[in-house]
Amino acid sequence: MTARTDGGADEREPLTTCEDCSKPIYEGDQYQPGGECDFCPEHAATLADILDFWEQDVSDDCECPAWSDQFDSIEDAQAFIVSLREQIARDGADFKPLYTA
Ligand SMILES: [Zn+2]
């Protein structure tokens with residue numbers, strides 16, 4: 001297979017797809033990267049979902065913590081939780097942080 005550079009917009013390869021609905025996400029689209037899997041804006045997690053996840057993840061009774069995949073230390077993870085709380089205070093718990101692909 002050779003990569004085509006003269007194709008139209010419909011022939012672009014998606015950078016990734018939504019884990020939930022398999023919607024293709026192209027360069028320049030809004031999406032939410034989630035480590036192993038990515039999400040379209042519709043299925044992206046809200047700030048409240050993300051805060052829930054990390055609060056549980058750094059708590060003592062989390063059996064399978066994932067913070068070490070994303071952060072260098074648990075202090076970094078806790079600092080991220082603090083910044084999430086600040087962002088919720090500013091943008092609301094239903095805000096979905098999205099990035100441009
Ligand atoms: Zn989706």
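This is a predicted model: local features need pLDDT of at least 70, side-chain atom pairs count only at pLDDT 80 or more; totals for chains, interfaces and linings use all residues.
Helix α3 is followed by glycine 92, a residue whose phi is positive, near 95°.

**Overall dimensions and confidence**

- The radius of gyration of the protein is 17 Å, whereas a compact globule of 101 residues would have a value near 13 Å.
- The C-alpha trace spans about 50 × 30 × 20 Å along its principal axes, and 12% of the 101 residues count as buried.
- Among the contacts with a separation of 6 or more, 48% are accounted for by residues 24 or more positions apart.
- The pLDDT averages 91 over the protein, and 90% of the residues score at least 70.
- Confidence is lowest in helix α2 (residues 67-70), with a mean of 91, and highest in α3, at 97.

**Helix α3**

- Helix α3 covers residues 74-91, and its 18 residues reach 25 Å from the first C-alpha to the last, which is close to the 26 Å expected at 1.5 Å a residue.

**The β4-β3-β5 sheet**

- Three strands form an open sheet in the order β4-β3-β5, and their pairing is antiparallel.
- Because β4 (37-39) and β5 (99-100) stand at the edges, each with a single partner strand, one side of each is left without a neighbour in the sheet.
- Strand β3 (residues 30-34) is joined to β4 by three bridges, the two strands running antiparallel, and within this pair glutamine 32 stands opposite phenylalanine 39, while the bridge partner of proline 33 is aspartate 38.
- The hairpin of β3 and β4 has two residues between the strands, and glycine 35 takes a positive phi there, near 80°.
- On the side of β5, two bridges join this strand to β3, again in an antiparallel arrangement, and tyrosine 31 stands opposite tyrosine 99 in β5.

**The nonpolar core and phenylalanine 39**

- The largest nonpolar core has six residues, namely Cys18, Ile25, Tyr31, Phe39, Cys40 and Ala44.
- In soluble globular proteins, nonpolar side chains tend to be buried together.

**The loop at serine 22**

- Serine 22 is found in the loop between β1 (16-17) and β2 (24-25), and its phi is near 65°, a positive value in a residue other than glycine.
- Serine 22 is exposed because 9 other C-beta atoms lie within 10 Å, a count that falls under the criterion of 12 or fewer for an exposed residue.

Key. Residues are numbered from 1 along each chain as its sequence is written. Helices (H or I, at least four residues) and strands (E, at least two) are DSSP runs, numbered from the N terminus. The expected span of a helix is 1.5 Å times one less than its number of residues. The radius of gyration is taken over C-alpha atoms; the globule rule is 2.2 Å times the number of residues to the power 0.38. A residue is buried if 20 or more other C-beta atoms lie within 10 Å of its own, exposed if 12 or fewer, and partly exposed in between; C-beta atoms are placed from the backbone. Two residues are in contact if their C-beta atoms, placed from the backbone, lie within 7 Å. pLDDT is the predictor's confidence in each residue, from 0 to 100. Two strands pair if DSSP finds at least two bridges between them. A nonpolar core is a set of buried Ala, Val, Leu, Ile, Met, Phe, Trp, Tyr and Cys residues joined through C-beta atoms within 7 Å.
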